[in-house]
Amino acid sequence: MSPVRSYRAGESLEDYCRACKTDRQHTVMAADPQGQPIRVVCGFCRSEHNYRGGPRIETVGSRPLPPAPSPGRAPAAQTAREPFPIVSDRERVAPAMASDAAVDLESLIRRVIREECGITAVTPAEKWRGGTLVLRPGTPGLQEKSLPIETFFHKIVMLRNRLRSLEQQVNAAELPEDVKLKLQAYVTGCYGSLTSFNVLFADEDDQFKGAGGD
C-alpha cells in the first residue's frame, strides 16, 4: 500500500472543479498539520473550494464516466445549475464586436478586472436567479434603491474570497501562535457574521462557516 502524500500551500494537485465540471490541476491554498489539503484553487477558472478528494472522472476507453454525485444530493439538480456569469450582456455599454473577432474586448476587460478583485464563478440558489434586491427606507416619501441579485451576489462572493485569502495568509504567516490564533478568531467571527447570506448559495461548500455573529 503506497503512503499517503502530504502537501503544503503552493503545491499542485489534481482535483474535481465543480465550476469547470471536470478534473483540473489545482494549487493548494491551505493544508492541515498532517499535510492533507483543505482549500484549493482551480488553475483554469481560478475558483476556490474545499478539497474534494482528488479527480473524479475515470475513463473507459475514450469515453469518460460522469463524476459521482455528492452524497445526499440529487444528480439532476447538480447538473442543471450553472454559476452566474462574472460578466453579463446587460452590462454592455457598447455594441458587441464583430462576430469574426477573436475576443469581445469589453467583456474581457470587465472579466479580468473582476477576477483580480476576487470574483469567481459561483452557483447561486435557483430561486434568486433574475431577482432584485430592494432597499426600502423607513421614512415615507424617500426613494427606494434596487439592484439585481446577480450584482449583489458577486459582491458577497468577492468579500468571501478575500476573507479566505486573508485566512490563507494568516495560516502561512510566521507569527507567534497567540497572535495567529487571535487573527484566526477574528476571521472566523467575520464568517459567522456573514452566515445570513448563505441563503444565496446553491452549494454548501461555497457558504460562510464561522462562529458567532448575528
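On one side of helix α4, residues D178, K182 and Y186 are exposed (over 50% relative accessible area, with a 1.4 Å probe and protein chains only). The model is predicted, so that local features need pLDDT of at least 70 and side-chain atom pairs count only at pLDDT 80 or more, while totals for chains, interfaces and linings use all residues. Residues are numbered from 1 along each chain as its sequence is written, and side-chain values use heavy atoms, with hydrogens and water left out.Helix α4 spans residues 177–193 and has 17 residues; helices are DSSP runs of H or I of at least four residues, and strands are E runs of at least two, numbered from the N terminus. From first to last C-alpha it reaches 24 Å, close to the 24 Å expected at 1.5 Å a residue (1.5 Å times one less than the number of residues). The buried residues of α4 are K180, V187, Y191 and G192 (under 20% relative accessible area). They lie on the same side of α4 because they cover an arc of only 145 degrees around the axis, taken from the directions from the helix axis to the C-beta atoms. These buried residues pack against α3 (149–172), contact being heavy atoms within 4.5 Å.

The second largest pocket holds about 330 Å³ of space. A pocket is an open set of points on a 1 Å grid over the protein atoms alone, where a 1.4 Å probe fits, with protein on both sides within 12 Å along at least five of seven lines; lining residues have an atom within 4 Å of a point. Its lining comprises 16 residues, of which R39, N50, R164, E167 and Y191 lie nearest the centre. Two or more lining residues come from each of β2 (22–31), β3 (37–42), α3 and α4, and α3 gives the largest share, 4 residues.

Definitions and conventions. Points joined across faces, edges and corners; volume = space filled by probe spheres on them.
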